[in-house]
Amino acid sequence: DRPARRGWVLVRQTLLALDRKVQRMIPEKPPASKALVAASQPISPARSWASVQSEIENLMSKHSVVSFDVFDTLIERPFEEPNSLFDYITPRMRTISGIPELDFRNLREDARSLVVNSSAGEEVLLSERYSALAVQLGLSEEIAIKMREEEELTELRLCRPRKTGKALYEAALKKGKRVVLISDTYFDSEFMNRLLEASGYR
C-alpha cells in the first residue's frame, strides 16, 4: 500500500523502543571507522559537499535500511531555534483566543506539563497539548482546535526541504534501500505525512 511503498515508519513508541535496544548494544567506546569520522567533519573550502555526499553514499551501500530524522535533517524551519515559531504565531493566537495579552510562547512551551495520561505514551500529541491549554485558559475545545490548526498550517507554510538531506534521501531511494523516517515529535502521523509531502518527499 502507499505508506509501505514509501517506507515511512512513524510509530514513535516502537521506534523509541528499538532505539533504546540498539543503544544498549553499542559499546561504551565504539571503534570509529575512518569513513564515519570523515563524514562527520565540517565542510570546508577544501572539502566539498560532493565529497561528503559520496562518502555517506558509500556507507549507505553497506546497509539495507537507511534512516533519517525528519526535522533539521530532511526538513528545516526558517528560525534559529524551533520555539521561535511560537513567537511568530503569537499575534494570530491572540486573535483566535480572544485574549489580547496572551503570553502564547510561555503557555505553549508549558502545555506538555498540563496533559495528564497522554494517549501517546511518552510523547504528548499536539492535539492533547492544545486541549489542555484551552482548559487552562477557559477556552472551548473548538478554539483549541482552531489554535492547533493555525500552528500546523504555519508549519506547512514555513517548513522547507533541507537540500543536503533531500539529496541523501533521494540517493538512498535510488540505491533501492528501505528508507525509514524517524521523528521525536508531538505531531501525529497524518500531519507528518502532509508535511513531508509539502516538502517534496513523496
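**Note on the helices and strands of a predicted model**

1. Among contacts in the protein (heavy atoms within 4.5 Å) that link residues at least 6 apart in sequence, 71% join residues at least 24 apart. This is a predicted model, in which local features need pLDDT of at least 70 and side-chain atom pairs count only at pLDDT 80 or more, while totals for chains, interfaces and linings use all residues. Residues are numbered from 1 along each chain as its sequence is written, and side-chain values use heavy atoms, with hydrogens and water left out.

2. The protein has ten helices and four strands, where helices (H or I, at least four residues) and strands (E, at least two) are DSSP runs numbered from the N terminus. Read from the N terminus on, the elements follow the order α-α-α-α-β-β-α-α-α-α-β-α-β-α. Of the 202 residues in the protein, 38% are buried; here buried means under 20% relative accessible area, exposed means over 50%, and partly exposed lies in between, with a 1.4 Å probe and protein chains only.

3. Helix 9 (residues 163-174) has twelve residues, and the distance from its first C-alpha to its last is 16 Å, close to the 16 Å expected at 1.5 Å a residue; the expected span is 1.5 Å times one less than the number of residues. Within helix 9, the residues G165, K166, L168, Y169, A171 and A172 are buried. What do the buried residues of helix 9 pack against? They pack against helix 4 (49-60), strand 1 (65-69), strand 3 (160-161) and strand 4 (178-182). Just after helix 9, G176 takes a positive phi of about 80°.

4. Helix 4 and helix 9 pack at an angle of about 35°, with their axes 11 Å apart; axes are lines fitted to C-alpha atoms, for helices over the stretch in contact, and angles run from 0 to 180 degrees between N-to-C directions. On the side of helix 4, W49, Q53, I56, E57 and M60 meet T164, A167, L168, A171 and A172 of helix 9. By class, this contact of helix 4 with helix 9 has seven nonpolar, two polar and one charged residues, with Ala, Val, Leu, Ile, Met, Phe, Trp, Tyr, Cys and Pro counted as nonpolar, Asp, Glu, Lys and Arg as charged, and the others, Gly among them, as polar.

5. The axes of helix 7 (residues 126-137) and helix 8 (residues 141-158) come within 9 Å and cross at roughly 135°. Helix 7 is therefore oblique to helix 8, since angles under 35 degrees count as roughly parallel, over 145 as roughly antiparallel, 65 to 115 as roughly perpendicular and the rest as oblique. The crossing of helix 7 and helix 8 is right-handed. Among the residues making the contact are L126 and Y130 of helix 7 and A144 and M147 of helix 8.

6. L181 is found in strand 4 and is buried, with a relative accessible area of 0%; its C-alpha atom is separated by 5.8 Å from that of D69, 112 residues apart along the chain. M192, in helix 10 (residues 189-198), counts as buried at 1% relative accessibility. D72, in the loop between strand 1 and strand 2 (75-76), has a positive phi of about 75° although it is not a glycine, and D72 counts as partly exposed at 47% relative accessibility.

Conventions: A crossing is left-handed if the near helix is turned anticlockwise from the far one by less than a right angle, and right-handed if clockwise.
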